[in-house]
Amino acid sequence: MNTDDDGYRQELEDRFAERSERFRVLVCIDGSDESYLGLKYASRMGAHRADCDIILLYVRPTDQGLHSGGLQVRVARENMLSWGLELPGIRRLRKGLETLVGEEELKQEWTAETTTSTVEGDPLGDNKIEYRHPSGRTIVLKLKVASDAASGILDQYELGPYNLIIIGSGRRGRSRLRATLTPSVSEKVAYHAPCSVLLVRDLVAGQGHLVCVDGSQFSKDVVRQEAMIAQRFPDPKLSAVCVAEDDEGIPEAERIVNEIRDMLKSELNFDLRGTYVRVGDPVEQIVDAGKDYSVIVLGDSGKGTMSRILGGGVSTDVMRLAHNSVMIMR
Amino acid sequence: MGLNGFSPKAITQGIDPRAMKTGVRRVVRAGRQLNFYYFWEKRWFFIAVAIGFGMLQLPLPADLSREGMIVLTMSVVATILFVTEPVPLPTVALMIVVGQVILLGLESTQVAKSLMTDSVLFIMGSLMLAVAVVKQKLDKRIAWLIVRITGTKTSYICFGISAVSGLLASFIGEHTVAAMMLPVGITLITLTSDDPKAVRNLAAVLLFSISYGCSVAGIGTPSGGARNAIMIGYWKEFFYDPTDPETRKFLIDYVHWMAYAYPLFLVQLPFVTMILLFTFRPEYRNLSRAIVKLRAEVDMQGGLKPGDWIAILIFFLVLAGWITASADIGMGTVAIFGAIGFLVAGLVKWEDINSGVNWGVVLLYAAAISLGVQMKDTGAAHWVAEHFLDVLKQFGAGEGIGLWAAVSGLTTFVTNTMSNGAAVAVLGPIVLNLATAAQESPIVIGYITAVSSAFAYLTVVGTPACTIVYASGYLKTTDFLKVGWKMCVMSIIVMILGAYFYWPLLGT
């Protein structure tokens, strides 16, 4: 790679530039029901639009042989392939593809391209099938090899920017300490991903999004970005909530939500469904208010590991405690 | 411009996405994540090093030498690292080598020499043989042979698979057979049904038949697994004295080992199938559909080619060599000889062997055995054994069956947390000294340790066969717990009964 390093870099740069023009959604498939719910959601969001790429990602662990008594697992794997057996994960990705596109349509309208790239330490490397539609939409099935799922997903970001990562997150109510010290895959991705992350939990589509705002400039950016995601749905429904700490804060909170509403109207010509002001602990109030919506949307509090243990952060606490799906915006 | 001329990422991060691809970005990101996260991920490494440092500062116990304390410390640190794996395991091997030179002040050449023994040569040779055997693609024929004998009933097929896997694994190592038989199991599953959910239990029964069949068989002969070779090496290293003819009994040869251990494997075999069928109750009682298709595949392959016959011949020559010549030229030499045979006959490419063997494992076992020998030489193993025996005596487990059960339980526990070869390498010196201190036969205690190290049914990492079968993607880690504890109980009972009633008949 050293000799044509510059060419490779240039190629990456071009691809990055080209891709940042598009709306790219990375859906992490692990075979669970949650991950397929997330996929359906992505499909509602973008499958009918020409500028949307949906990438289905399955991460399988690197085959390594220390535990297999010194015989590399790849020997067994190669033997499996010579029998014509599929890698684990392929079937799950195929099932995901079927929920996006019917078999007939796929054959007639889409073109497919398969690529494989080598990965150090694994005989089969990463496998990718790219389906292109004449309208410009693409669906990519990607079978990736990584030492663990979270770093596989995060590495995938490096290969092309994404607007949104969708990942299943089944368990609710882990303690703050546990979530910080032994984060689950979805929590790791939510903490470290450079782009927005949707954590799918009992996702019921069609009930709209609830975006949480405070007065900051960052939260305005979050709302703006969220409005653009909401606009991608056939029937955009977006409400905003601001939580005041006590009764004295209510007028200020009302001013914030009104400002947000006006801003969306003037800048993007987007109407909010409703605006709410709640009083009390932000996390409790947001979790409670969010119950009636499909997704709770929050900005990332941008805290490091240490502050997550000590003080948490509204977004990470909501992520842990919410009954339904949470989207962390960046 | 996409998204109304407005890239959300660029706004929220204030960076032009194009500026994000070069090395700088990686460094920045690494810097952000390095802080606490790096130390947290590697926490066990630092904890282990801190414990090691703390142990060296402790006042020396009266009956332990300074060197003994250092070796003991190194063993404790290595054990923590084996179990928690904060760094790649071969790193631990390298640390042991460096530690012996720097902390113990041994001559570097002397340490290097202590790394290579016949046991290590054997581990290396049998891994090369394993790759060569898997590459011969005899698996379809073996599968066909099994179903020809067993018919199409699921329960018979399961027994057939574990029996044949076991018989093969007892001679050529469980990892070899697991790698060979895994496609057989998966093929039978996928030919039965395409929907993984509809065959979940069937998949569990078939795949566990392979892995547990191999695991219980690994104890059968010295070539069944690295741990057996390690134990044989320890016996010779610790007790054999060329000037004393009495100690010749500690030179355990191939046949002698088989006489002790092979019956234990055969007795366990039917229980494996019973436990599996009882735990997982497969969805299909008959696999005739899958077997018809399997037969068609085997037919396509045609008859045995000359190359296949040569491979089988070399295999049996190696087997014969182990049985007849290993006492004179060493088991390792025979294994290496077999690898040479496959390479000379052109049946396997060196590149395949090179990429199929994890050489780090060879290094790991070499270092672990070298450390084990130091444990004995410095008296550390003796010291630990005496104190451990004092504890056991308080529970009435200082001798006889109580001691056996304690050793077996300890080994089972340790082997479930790390690879079984490493478990024997770490525990061997201690339990063998325990045997002398308790005036029990080191041979019996050694067998109990080596055999118990196969009882790693509970975790994916416990035995090689489990790891390989898990790579199929059909099993969950909880499946191992669900059925593994029953296997553990069964195996321990069989072994204790064997040690009590059967081994005395062999005259120890």
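Which residues of β1(A) are buried on one side, and which on the other? A:Phe23, A:Val25 and A:Val27 cover one face, while A:Arg24, A:Leu26 and A:Cys28 lie on the other, and all of them are buried. Please keep in mind as you read that this is a predicted model.

**Strand β1 of chain A**
- Strand β1 of chain A covers residues 23–28, and six of its six residues are buried.
- In a regular strand, side chains alternate between the two faces of the sheet.
- β1(A) runs parallel to strand β2 (residues 52–61) of chain A, and six bridges join the two.
- Within that pairing, A:Arg24 stands opposite A:Asp53 of β2(A).
- β1(A) is also joined to strand β6 (residues 164–168) of chain A, here by three bridges and again in parallel.
- A:Val27 has A:Ile166 as its bridge partner in β6(A).

**Helix α9 of chain A**
- Helix α9 of chain A takes in residues 217–230, and its 14 residues reach 20 Å from first C-alpha to last, close to the 20 Å expected at 1.5 Å a residue.
- The buried residues of α9(A) include A:Ser219, A:Val222, A:Val223 and A:Ala227.
- Also buried in α9(A) are A:Arg224, A:Gln225 and A:Glu226.

**Chain B as a whole**
- Chain B has 24 helices and zero strands.
- The radius of gyration of chain B is 25 Å, close to the 23 Å that the globule rule gives for 508 residues, so chain B is as compact as a globular protein of that length.
- Along its principal axes, the C-alpha trace of chain B spans about 75 × 70 × 50 Å.
- Of the 508 residues in chain B, 49% are buried.
- Taking contacts in chain B between residues at least 6 apart in sequence, 81% join residues at least 24 apart.

**Nonpolar cores**
- The largest nonpolar core holds 164 residues, and those touching the most other members are B:Val131, B:Ala178, B:Leu182, B:Leu364 and B:Tyr365.
- Helix α7 (residues 118–135) of chain B gives the most to this core, with 13 residues.
- Setting aside residues up to four places away in sequence, B:Ala178 touches A:Ala76 in chain A, and its chain B contacts include B:Ile210, B:Cys214, B:Ile468 and B:Val469.
- A second, separate core has 78 residues, among them A:Leu143, A:Ala149, A:Val189 and A:Tyr293.

**Helix α24 of chain B**
- Helix α24 of chain B (residues 477–502) has 26 residues, which at 1.5 Å a residue should span 38 Å; its end C-alpha atoms are 35 Å apart, which agrees.
- α24(B) bends by about 35° at B:Gly484.
- B:Gly484 is one of the buried residues of α24(B), along with others including B:Phe480, B:Met487, B:Ile492 and B:Met495.
- The buried residues of α24(B) pack against helices of chain B that include α11 (200–217), α13 (254–280) and α20 (400–417).
- α22 (442–452) and α23 (464–470) of chain B are also among the packing partners of α24(B).

**A closer look at B:Ala380**
- B:Ala380 belongs to helix α19 (residues 380–394) of chain B.
- Why does B:Ala380 count as buried? B:Ala380 is buried because 26 other C-beta atoms lie within 10 Å, and the cut-off is 20 or more.
- B:Ala380 and B:Val71 are 309 residues apart along the chain, yet their C-alpha atoms are separated by 6.9 Å.
- Neighbours within four places in sequence aside, B:Ala380 is in contact with B:Leu64, B:Gly68, B:Val71, B:Leu72 and B:Met375.

Key:
Residues numbered from 1 in each chain as written. Chains lettered and ligands numbered in written order. Predicted model: local features only at pLDDT ≥ 70, side-chain atom pairs only at ≥ 80, totals over all residues. Helix = DSSP H or I, 4+ residues; strand = E, 2+ residues; numbered from the N terminus. Expected span 1.5 Å × (residues − 1). Bend = angle between axes of the 7 residues up to and from the residue. Buried ≥ 20, exposed ≤ 12 C-beta atoms within 10 Å, placed from the backbone. Contact = placed C-beta atoms within 7 Å. Core = buried A, V, L, I, M, F, W, Y, C linked by C-beta atoms within 7 Å. Rg over C-alpha atoms; globule rule 2.2 N^0.38 Å. Pairing = 2+ DSSP bridges.
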